[in-house]
Amino acid sequence: MLTSEDYLSGQVLLIDKPLHWTSFQVVNKLRWEIRQAFKLKKIKVGHAGTLDPLATGLLVLCTGKMTKQIDTFQGQIKEYTGTLVLGSTTPSFDLETEIDSTFETSHITADLIHETTKQFIGDIEQKPPVFSALKKDGKRLYEFARAGEVVDIKSRTVSVSEFEITKIDNLHIDFRIVCSKGTYIRSLAHDFGKALDSGAHLSALRRTKIGDFDVKNAISVEDFIKNLAP
């Protein structure tokens, strides 16, 4: 059982983020629970890489003096699994927003899907989704998007070392991706649809690894709280 001194001196916590929670909500919840359990006035808690509310999986949290290592963890290679849906797009590139366009899919074959993944391996250029927490002129991009304002978003170079199609179920495509820091899987899904001369959006996403950290070793928020009582 960890003590207050353990958390203050620094711990790395592997949490399996639940669906619909923001990464910030997880950090706030665990910080509050640690403070309450050990009657602490304050303790530093931060996460090493945001997950969207509609994504689940590995969230690496650092407490106390280990928060100094957050940048190191953030820069490590990440692995994701997920599902994209062909033939339609959404403004957010996922299910946060409604479908805004539909596209022809009759020309898409399994061979074409597998062949197209090759275009996305290596260093690629992508634009972050307009519905994202990145800042421009002091505002989050999603603030502009929700206000209906058009924003010029610069593309960035990211690296994808593995892009594997694990299942094809009609228009639903399951995949596994290993990629660098800063890669937006929503953007990759959107661009993948374009590359197929169609459209696509992300319907599910799960982060499975960050560097040597694996979601198999992560616990739920509820289990963390249960194990916390001193």
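Me: Helices (H or I, at least four residues) and strands (E, at least two) are DSSP runs, numbered from the N terminus. Where does that place Asp52?
Reply: Asp52 sits in the loop between strand S2 (45-47) and S3. The model is predicted: local features need pLDDT of at least 70, side-chain atom pairs count only at pLDDT 80 or more, and totals for chains, interfaces and linings use all residues. Residues are numbered from 1 along each chain as its sequence is written, and side-chain values use heavy atoms, leaving out hydrogens and water.

Me: Why does Asp52 count as partly exposed?
Reply: Its relative accessibility is 26%. Buried means under 20% relative accessible area, exposed over 50%, and partly exposed in between (1.4 Å probe, protein chains only). Asp52 at 26% is therefore partly exposed.

Me: What does Asp52 touch, not counting residues up to four places away in sequence?
Reply: Lys17, Trp21 and Arg186. Contact means heavy atoms within 4.5 Å.

Me: What makes Arg186 and Asp52 a salt bridge?
Reply: The test is a side-chain nitrogen of Lys or Arg within 4 Å of a carboxyl oxygen of Asp or Glu. Arg186 and Asp52 meet at 2.9 Å, N to O, so the pair passes. Arg186 lies in helix H6 (residues 185-195) and Asp52 in the loop between S2 and S3, so the pair ties together parts 134 residues apart in sequence.

Me: Is Arg186 buried or exposed?
Reply: Buried, because its relative accessible area is 3%.

Me: How many salt bridges does a search of the whole structure find?
Reply: Seven. One of them joins Glu33 and Lys29, with the closest N and O atoms 2.9 Å apart. Both residues lie in helix H2 (residues 23-38), four residues apart, about one turn of the helix.

Me: Why does Glu33 count as buried?
Reply: Because its relative accessibility is 13%.

Me: Which residue forms a salt bridge with Glu164?
Reply: Arg176, again with the closest N and O atoms 2.9 Å apart. The pair links distant parts of the chain: Glu164 in strand S10 (residues 156-169) and Arg176 in strand S11 (residues 172-179), twelve residues apart. Salt bridges that share partners join Glu79, Glu162, Glu164 and Arg176 into one network.

Me: Which residues gather in a patch of positive charge on the surface?
Reply: Lys42, Lys44, Lys65 and Lys68. Patch residues have over 30% relative accessible area and no salt bridge; like charges are joined within 9 Å, nonpolar side chains (Val, Leu, Ile, Met, Phe, Trp, Tyr) within 5 Å. Lys65 is exposed, because its relative accessibility is 57%.

How values were computed: Accessible areas come from the Shrake-Rupley method with a 1.4 Å probe; for residues, only the protein chains shown count as cover. Lys and Arg count as positive and Asp and Glu as negative; His and the chain ends are not counted. The place of a charge is taken as NZ of Lys, CZ of Arg, CG of Asp or CD of Glu.
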